[in-house]
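I opened this notebook to record what I looked up in one structure. The entries follow the order in which I took up each topic.

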Amino acid sequence: MLVLGFESSCDETGVAMVETQGTGVPVLLSHALYSQIEMHQAFGGVVPELASRDHIRRVLPLTQEVLAGAGKSLQEVDVVAFTRGPGLAGALLVGAGVACAMAAALGKPVLGVHHLEGHLLSPFLSADPPEFPFVALLVSGGHTQLMRVDGVGRYELLGETIDDAAGEAFDKSAKLMGLAYPGGPLLARMAEKGNPKAYALPRPLLHSGNLDFSFAGLKTAVLVQSQKMVAAAGVPTFEALPEQARWDLAASTQAAIVDVLVKKSLTALKNSGLSRLVVAGGVGANRELRAQLNAECAKRKVRVHYPEMHLCTDNGAMIAMAAAMRLQSGLQQATQSYAFDVKPRWPLHSL
Ligand code: ATP
Ligand code: MG
Ligand code: FE
């Protein structure tokens with residue numbers, strides 16, 4: 001079965017083709033991605049209306065690219081999948097509209113997919129796919145959750161952030177340091193050269209005893225610390241500080257976020273008795289997070305799985321994959337009803 005998938009929940013247009021092979025892990029044949037980041041950078045964040053319009057411009061050329069890459073024709077597609085939510089309503093509508101129109105024209109069924117289920121199942125696209133059951137640490141730009149996953153569609157929420165997501169904590173701290181949107185990866189690069197113990201930043205809820213997270217206080221602490229450094233050095237802005245000082249604050253910020261993510265993941269593993277951890281979402285690309293999880297999990301004989309680096313942030317491959325795995329599991333059928341809707345807010349554990 002050939003699944004063509006569309007992702008358009010935010011500022012990446014993604015298209016991909018996945019092929020199911022019996023009950024085995026589906027195989028990615030081809031994928032294409034266009035990131036709108038540069039367009040939004042001038043505004044310091046994603047502008048929803050611009051995002052929707054750009055998805056319209058990109059989606060068909062990307063589809064051509066995917067078909068060519070897979071060596072398939074549109075007529076060979078068995079199911080068309082799209083991100084139904086959560087995300088920006090207008091942006092989601094582009095993917096949903098294109099997917100349903102294409103499916104209707106081809107007389108093929110459609111399937112709306114949950115964006116976070118896409119992230120969650122993206123490690124199945126890697127060379128070292130996980131096996132169920134596992135604990136999942138879902139760390140993206142909009143979500144930070146720990147879940148127990150017993151199979152496709154069997155998700156139990158163990159804990160989540162009560163305010164900002166981990167990706168947001170990276171991005172907001174990066175913005176305070178004068179870095180361009182989304183600053184997470186840039187902050188991580190600066191952190192590589194800094195001392196993570198240089199500044200003591202808060203690790204909210206580290207000892208709360210539950211699996212919830214809170215990152216809103218961290219950005220305030222980063223703001224206060226950066227203002228102190230600027231005042232002490234007598235420079236006009238944070239960017240004017242000596243680079244070592246900036247690297248040190250970046251490293252200390254990253255350490256505060258990573259510490260909490262690692263500690264809570266280990267607690268979730270211990271409480272659940274499971275010996276497998278799956279990390280997914282954009283922050284899963286963070287090298288310090290991976291290094292610490294690898295080290296701690298090795299000590300506990302826990303296997304850790306990640307998405308391929310380039311599939312941590314939004315992409316079409318994870319959407320086609322999630323659709324293929326849902327169909328394969330028999331949990332959901334694709335439909336020939338093309339009256340689509342989108343779900344800008346949609347909790348994953350409600351699936
Ligand atoms: P959601 O999936 O919750 O709707 P999203 O789609 O915007 O949100 P993703 O695409 O999964 O989120 O991830 C983007 C986030 O990942 C951004 O906040 C970005 O800064 C962060 N990120 C990406 N790479 C890194 C990195 N190396 N270190 C830290 N953060 C990173
Ligand atoms: Mg994005
Ligand atoms: Fe995402």
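The entries below concern a predicted model, and they treat a ligand, a set of recorded positions and a pair of helices.

Entry 1: the ligand. I asked which residues come nearest to ligand 1. There are 22 residues around ligand 1, and G141, G142, G167, G184 and G282 come nearest. I then looked up the elements that give two or more residues to this shell, and found α4 (115-121), α5 (166-176) and α6 (184-191). By class, the shell around ligand 1 holds 7 nonpolar, 13 polar and 2 charged residues.

Entry 2: the recorded positions. I consulted UniProt, where an unreviewed entry lists H115, H119 and D314 under "binding site". These residues span 200 residues in sequence, yet no two of their C-alpha atoms are more than 8.7 Å apart, so they gather at one spot. I located H115 in helix α4.

Entry 3: the helix pair. I examined how helix α8 (residues 243-272) packs with helix α9 (residues 287-299): the angle is about 35°, and the axes are 10 Å apart. The crossing of α8 and α9 is right-handed. On the α8 side I noted Q254, V258, L261, V262, S265 and L266, which meet E288, L289, Q292, L293 and E296 in α9. The residues of this contact divide into 6 nonpolar, 3 polar and 2 charged.

Methods
Residues are numbered from 1 along each chain as its sequence is written. Chains are lettered from A and ligands numbered from 1 in the order in which they are written. This is a predicted model: local features need pLDDT of at least 70, side-chain atom pairs count only at pLDDT 80 or more; totals for chains, interfaces and linings use all residues. A residue is near a molecule or strand if its C-beta atom, placed from the backbone, lies within 6 Å of it. Helices (H or I, at least four residues) and strands (E, at least two) are DSSP runs, numbered from the N terminus. Ala, Val, Leu, Ile, Met, Phe, Trp, Tyr, Cys and Pro count as nonpolar, Asp, Glu, Lys and Arg as charged, and the others, Gly among them, as polar. Axes are lines fitted to C-alpha atoms, for helices over the stretch in contact, and angles run from 0 to 180 degrees between N-to-C directions. A crossing is left-handed if the near helix is turned anticlockwise from the far one by less than a right angle, and right-handed if clockwise. Two residues are in contact if their C-beta atoms, placed from the backbone, lie within 7 Å. UniProt positions are given in the numbering used here, feature names are shortened, and annotations may be inferred rather than shown by experiment.
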